[in-house]
Amino acid sequence: MRAMQLRAAKEPLRLVELPVPTPAKGQVLIRVSVCAVCRTDLHIVGGELSEPKLPLVIGHMIVGHVEATSNSAHRFSPGQRIGVPWLGYVDETCRFCRRGLENLCVNARFTGYHIDGGYAEYCVADERFCFPLPESYDDVHAAPLLCAGLIGYRALRLAGDAQRVGLYGFGDSAHIIAQVARYQGRRVFAFTSPGDTKKQAFARSLGAEWAGDSLTPPPEPLDAALIFAPVGALVPAALRVLDPGGVVVCAGIHMSDIPSFPYDLLWMERQIRSVANLTRQDGEELLQIAPKVPVRTEVKTYPLAEANAALDDLAHGRFVGAAVLTVAS
Ligand SMILES: [Zn+2]
Ligand SMILES: [Zn+2]
């Protein structure tokens, strides 16, 4: 099979021929149709996430069809369309799993990081962590829901009952979660890099009532700020526009250092927290809500062999919405 392989951090992915993997106990073999590109992929290739299996096939927003199952996997039938997310394995027994926090599992393994992922024609996945996908989405438009959507949804959930929600970094996650937030009756304020009027217009088209530069104060204070851009300086910037009791939720897996800031910005029960990974429940909930909204995903497609170009375009903000690799020809 063809795959885009990472041999070492900071090197481009290379197109290689690999044997089709064999599903182990509890796994299904999936013929990959498409795989969306995540900012986390950039952090793996760039070496900011420092413990990948190597060599590695990255990619964790996989849509494909079940090609075969191991003897012990019974959840899906051959031919069925399923999605594979970032969470690839948990032990179900550690102190976090027992409290319903499987996203923090001490033995968690992640797709496209510890386990070969979807930048390839085939992959294997533990059936317990795969999702059936809503039929109203074609493969290309379903793929971004699987991480951009899921992590965004978890971030929004951790914002509690916040009414006025700021989204910092209007990329793949924010464009999905803006629509969910509006559906839930919340008000959305979108923040982009200075001067990115194209993304600001995109945000307004998806229901943001205000869109502007990340350093420009919004017209009124916010109850929550969800930060999707990997920029630590946005944390004090977001605190500055939060109402008392508000929360800053950092949704990325990597962020540059957060500059120091006066305690006044945190005072009055403001909070800062991060979002790590996802639980299966987050996935099930988002995939139920998405078709009801209905969430429309904006995608730019690239052939599998052009994965490096897709990553480069993501790093430089050259498209709106999400990049998706089309794998099946
Ligand atoms: Zn991701
Ligand atoms: Zn666990």
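Contact is defined here as heavy atoms within 4.5 Å. The structure is a predicted model, in which local features need pLDDT of at least 70 and side-chain atom pairs count only at pLDDT 80 or more, whereas totals for chains, interfaces and linings use all residues. Residues are numbered from 1 along each chain as its sequence is written, chains are lettered from A and ligands numbered from 1 in the order in which they are written, and side-chain values use heavy atoms, with hydrogens and water left out.

Excluding residues up to four places away in sequence, L13 is in contact with M4, Q5, L6, V45, I58, Y119, A307, N308 and L311. L13 also belongs to the largest nonpolar core, a set of 108 residues in which L13, Y119, L167, F170, I177 and L226 touch the most other members. Strand β3 (residues 27-37) makes the greatest contribution to this core, with 8 residues. Another core, of 17 residues, lies apart from it and includes A225, L234, A238 and L239. A nonpolar core denotes a set of buried Ala, Val, Leu, Ile, Met, Phe, Trp, Tyr and Cys residues joined through side-chain atoms within 4.5 Å; buried means under 20% relative accessible area, exposed over 50%, and partly exposed in between (1.4 Å probe, protein chains only). Helices (H or I, at least four residues) and strands (E, at least two) are DSSP runs, numbered from the N terminus.

The zinc ion (ligand 1) is coordinated by C38 (SG), H60 (NE2) and C147 (SG) at 2.0 to 2.2 Å. H60 lies in the loop between α1 (39-45) and β4 (62-69) and C147 in the loop between α2 (139-142) and α3, so the pair ties together parts that are 87 residues apart in sequence. H60 is buried, at 0% relative accessible area, and C147 is likewise buried, at 5%.

C97 is buried at 13% relative accessibility, and C105 at 7%.

L206, in the loop between α5 (197-205) and β12 (210-213), is buried at 17% relative accessibility. Beyond four places in sequence, L206 touches F170, H175, A178, Q179 and R182.

How values were computed: Donors = N, O, S within 2.8 Å, 3.2 Å for Na, K, Ca; no water.
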